[in-house]
Amino acid sequence: MRNTVVLFICALMLCSCGAYKRQAYLQDMEPGVQYKAEAAPDARIAKGDKLKIIVTASEPVLAQPFNLVTGGAEYGSVSSEEGIAAESRVDRSYTVDRNGNINFPVLGRVHVEGMTLEELSTSIENKIVATGMLKEPIVLTEFTNYTFTILGEAGNGNFTIPDGSINIFQALAMAGDIGGYGVKNDVWVIRTEGGIRQVYSLNLKSKDVFDSPAFYLQQNDMVYVKPRKFKMDEPASGVMSIFSTIFSTVTSFISTFLWYSVYTK
């Protein structure tokens with residue numbers, strides 16, 4: 001009798017272990033162990049990107065010529081705080097052309113391709129100072145089309161990141177995480193660069209995912225979470241969920257009863 005109880009409990013433990021192996025992330029990492037971490041790469045501006053660029057200063061009226069006009073009003077005619085708040089409600093952006101340039105007020109054609117947002121801010125600030133029209137400009141920049149797409153066994157949708165910095169785990173968290181039927185050891189990131197489309201396979205169960213060139217997403221990446229080969233439709237899934245709950249309750253009761261019966265005699 002005692003051997004039967006032990007075997008039964010071992011079977012339950014194996015079932016639990018199997019569920020853990022299917023669901024857990026980063027299974028080969030250990031608490032207390034230090035792992036080398038690379039800094040997140042800065043997103044680089046590319047052809048076709050859309051950029052929001054705001055110029056302000058301690059005297060906002062002097063920044064007016066360096067901002068786009070919307071509806072007859074220019075940013076810079078009010079205080080910096082009010083202007084930034086108003087700007088956040090305006091869909092105003094520069095599109096990087098096929099030559100990697102934008103057409104900027106007063107400055108004319110400015111080459112921006114390959115720059116980070118920080119480098120772009122510094123470059124425009126220096127160019128504005130060089131005109132002699134504004135001594136200490138403040139230039140705020142962000143992407144308006146840094147978008148990635150998530151498909152498959154995760155919360156599907158398109159998502160936009162203004163600062164252009166996000167990794168695969170953050171992206172999946174934004175989408176609502178991978179569902180119970182999603183494959184976590186072969187998540188695809190589909191990326192197009194220079195006219196070439198490439199698929200990167202990420203194993204989210206291993207710490208090696210941090211070393212993948214697709215760990216940090218880029219503009220227009222598509223993330224596809226594949227379903228497991230065995231996937232039931234919604235009605236069958238609901239029935240199995242109920243059955244699983246009942247089974248777990250019954251097995252736990254039987255396990256406790258048998259253990260108590262054997263080891264309390």
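Predicted model: local features only at pLDDT ≥ 70, side-chain atom pairs only at ≥ 80, totals over all residues.
Strands S8 and S9 make a hairpin, with four residues sitting between them. Residues are numbered from 1 along each chain as its sequence is written, and side-chain values use heavy atoms, with hydrogens and water left out.

Overall, the protein chain has five helices and twelve strands. Of its 265 residues, 34% are buried, where buried means under 20% relative accessible area, exposed means over 50%, and partly exposed is what lies in between (1.4 Å probe, protein chains only). Take the contacts (heavy atoms within 4.5 Å) between residues at least 6 apart in sequence, and 62% of them join residues at least 24 apart.

Two strands pair here if DSSP finds at least two bridges between them. Axes here are lines fitted to C-alpha atoms (for helices, over the stretch in contact), and angles run from 0 to 180 degrees between N-to-C directions.

| Strand pair | Bridges | Sense | Residues standing opposite |
|---|---|---|---|
| S8 and S9 | four bridges | antiparallel | threonine 149 and asparagine 158 |
| S8 and S12 | four bridges | parallel | glycine 152 and valine 225 |
| S1 and S7 | six bridges | antiparallel | threonine 56 and isoleucine 138 |

**Helix H4 up close**

Which residues of H4 (residues 168-175) are buried? They are Ile168, Ala171, Leu172 and Ala175. Looking down the axis of H4, these buried residues fall within an arc of 95°, so they line one face of the helix; that arc is taken over the directions from the helix axis to the C-beta atoms. As for the cover over them, it includes S8, S9, strand S10 (187-193), strand S11 (196-202) and S12.

Leaving out residues up to four places away in sequence, leucine 172 touches Ile150, Ala154, Asp177, Ile178, Leu204, Val223 and Val225. Leu172 also turns up in the largest nonpolar core, which has 45 residues; along with Leu51, Ile53, Phe104, Ile150 and Ile168, Leu172 touches the most other members. A nonpolar core is a set of buried Ala, Val, Leu, Ile, Met, Phe, Trp, Tyr and Cys residues joined through side-chain atoms within 4.5 Å. In soluble globular proteins, nonpolar side chains tend to be buried together.

Asparagine 167 caps the N-terminal end of H4, with a side-chain oxygen 3.0 Å from the backbone nitrogen of phenylalanine 169. Just after H4, glycine 176 has a positive phi of about 100°.

**The three-stranded sheet**

The other open sheet has three strands in the order S4-S1-S7, with antiparallel pairing. Strand S4 (94-95) and strand S7 (138-143) are its edges, each pairing on one side only. Helix H3 (residues 117-131) packs on this sheet and touches S1 and S7, and its direction makes about 145° with that of S7.

**Two loop residues**

Asparagine 67 sits in the loop between S1 and strand S2 (69-70). Is asparagine 67 buried or exposed? At 3% relative accessibility, asparagine 67 counts as buried. The asparagine 67 side chain reaches the backbone oxygen of valine 55 at 2.8 Å and the backbone oxygen of alanine 63 at 2.9 Å. For reference, a polar contact is a pair of N or O atoms within 3.5 Å; within protein, one must be able to donate a hydrogen and the other to accept it, and residues adjacent in sequence count only if both atoms are side-chain atoms.

Lysine 135 lies in the loop between H3 and S7. Lysine 135 is exposed, its relative accessible area being 77%. Lysine 135 and leucine 62 are 73 residues apart in sequence, with 9.7 Å between their C-alpha atoms.
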